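User: I have a structure open and I'd like to go through it piece by piece. Can you help me read it?

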Amino acid sequence: MSVAEQMEPAAAPVPTPCIGVCEIDEATGLCKGCARTGEEVAAWQEAEADYKLRVWDALPPRRAEASLNAYRLPWSLADIACMVERTLRRRWGRWVLGIDGACASFEIGADEDADIDGRPDAITAMTARGGLRLTIHPKTVAVAFGDAADANGPEAIGLVLPRGRVDLRGGDALAGEGADVAAICGAQRGAQLFDLGVTGDLAARFKLRTDHPELIEALSRASGRPWREALDDLDTLIDLARPHTVVETALGRAEIFSPPTVDGVSGTSAELNAAALRAGAGELPSGWTLPKVFAPSALFYPHSRKPAQAMLDGHY
């Protein structure tokens with residue numbers, strides 16, 4: 001039985017297309033966020049499922065006309081769980097957690113051994129290079145990103161959460177967190193975890209995990225210092241000790257069994273680019289927008305652009 005079948009034995013209600021913008025364009029009469037008419041928005045709450053499905057069917061050409069580069073997908077929680085599990089089992093692309101300049105990428109190679117566990121509350125995958133855990137929160141929303149995403153398929157699919165549901169420690173100072181009891185890899189639950197503070201108050205945390213005594217001592221001494229100062233003194237030791245990289249968001253955790261680099265992420269890897277962070281990195285790639293009411297928590301980049309529905313149909 002798939003994780004989607006475990007979660008949802010009965011038909012799910014039709015989700016709303018609302019993405020939190022809720023502003024009618026006077027020229028077109030359409031909402032700038034979801035491309036519904038004012039009448040459709042007003043009728044939605046009390047409307048029957050058939051009406052809602054007809055509205056969803058009418059949205060693609062409207063979104064294309066409005067050049068929307070982010071829009072909500074009509075997916076239930078079971079659909080989202082199915083998509084996550086299928087992308088991992090069929091190795092359709094890579095998952096990225098974090099922000100520009102401080103992120104982790106997880107991908108299962110074509111011939112790479114992987115242990116994948118799909119449960120109603122979380123989907124977990126592990127390889128020799130790293131691990132990924134994505135949780136399915138009751139308020140999880142799937143969003144398509146990219147230019148001409150309806151016509152060409154999305155460049156990425158994001159799992160986002162209302163920002164009020166995000167419970168992550170913020171701040172820009174390095175902080176020790178003790179043993180990593182939440183580690184995906186059980187053998188690492190005694191290693192020490194340190195939040196570098198590089199993501200500030202954005203909806204992700206970038207951490208290092210190590211059992212190297214000298215690095216543990218140095219990171220402990222640096223706790224409470226702004227990351228901009230601490231990292232300058234730790235670069236050489238980090239290269240020597242080769243800690244694991246851990247990135248956490250409101251909906252997931254990625255563990256990369258190697259230290260971060262500054263060369264960008266690809267495959268299973270992590271990036272920590274201090275120059276990009278000092279320049280003011282954002283939660284999404286440049287050019288993509290999402291209302292502040294939502295916090296992006298995980299991005300899936302497919303190997304090829306095809307309609308998002310193909311991920312659910314299994315013909316991707």
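This is a predicted model: local features need pLDDT of at least 70, side-chain atom pairs count only at pLDDT 80 or more; totals for chains, interfaces and linings use all residues.

User: Fine. In what order do the strands of the eight-stranded open sheet come?
Analyst: The order is S4-S5-S6-S13-S12-S11-S10-S9, and the pairing is antiparallel. Strand S4 (115–118) and strand S9 (175–179) are the edge strands, each pairing on one side only. From one strand to the next, the twist averages 15 degrees.

User: Which helix packs on that sheet?
Analyst: Helix H6 (residues 213–222) does, and it touches strand S10 (192–195) and strand S11 (205–210). The direction of H6 makes about 35 degrees with that of S10.

User: Let's look at single pairs. How many bridges are there between S5 and S6?
Analyst: Five bridges, with strand S5 (residues 122–126) and strand S6 (residues 130–135) running antiparallel. S5 and S6 make a hairpin, with three residues between them. Met126 has Gly131 in S6 as its bridge partner.

User: And on to the next strand, how is S6 joined to S13?
Analyst: By five bridges, again in the antiparallel sense. Across that pairing, Leu134 stands opposite Gly252 in S13.

User: What about S12 and S13, how many bridges there?
Analyst: Strand S12 (residues 244–249) pairs with strand S13 (residues 252–256) over five bridges, and the pairing is antiparallel. Opposite Val246 you will find Glu255 in S13.

User: Now the seven-stranded sheet. What is its strand order?
Analyst: That open sheet runs S1-S7-S8-S15-S2-S3-S14, with antiparallel pairing.

User: Why do S1 and S14 each have a side without a neighbour in the sheet?
Analyst: Strand S1 (70–72) and strand S14 (269–272) stand at the edges and each has a single partner strand, so one side of each is left without a neighbour in the sheet. On average, neighbouring strands here are turned by 25 degrees against each other, direction ignored.

User: Change of topic. How many salt bridges does the whole structure have?
Analyst: A search finds 22. One of the pairs is Arg228 with Asp172, where the closest N and O atoms are 3.7 Å apart.

User: Last thing, the empty space inside. How would anyone find that?
Analyst: Rolling a probe the size of a water molecule over the atoms shows where empty space is left.

User: And how many cavities of 30 Å³ or more turn up here?
Analyst: The count comes to one. The largest cavity has a volume of about 30 Å³.

User: Which residues line the largest cavity?
Analyst: The lining consists of Thr87, Leu88, Arg91, Gly93, Trp95, Phe106, Glu107 and Ile108. Helix H4 (77–89), strand S2 (93–99) and strand S3 (102–107) each supply at least two residues of this lining.

User: How do the lining residues divide into nonpolar, polar and charged?
Analyst: Four are nonpolar, two are polar and two are charged.

Terms used. Residues are numbered from 1 along each chain as its sequence is written. Side-chain values use heavy atoms; hydrogens and water are left out. Two strands pair if DSSP finds at least two bridges between them. Helices (H or I, at least four residues) and strands (E, at least two) are DSSP runs, numbered from the N terminus. Axes are lines fitted to C-alpha atoms, for helices over the stretch in contact, and angles run from 0 to 180 degrees between N-to-C directions. Contact means heavy atoms within 4.5 Å. On a 1 Å grid over the protein atoms alone, a cavity is a set of points where a 1.4 Å probe fits but cannot get out, and a pocket is an open set with protein on both sides within 12 Å along at least five of seven lines; lining residues have an atom within 4 Å of a point. Grid points are joined across faces, edges and corners, and a volume is the space filled by probe spheres set on the points. Ala, Val, Leu, Ile, Met, Phe, Trp, Tyr, Cys and Pro count as nonpolar, Asp, Glu, Lys and Arg as charged, and the others, Gly among them, as polar. A salt bridge is a side-chain nitrogen of Lys or Arg within 4 Å of a carboxyl oxygen of Asp or Glu.
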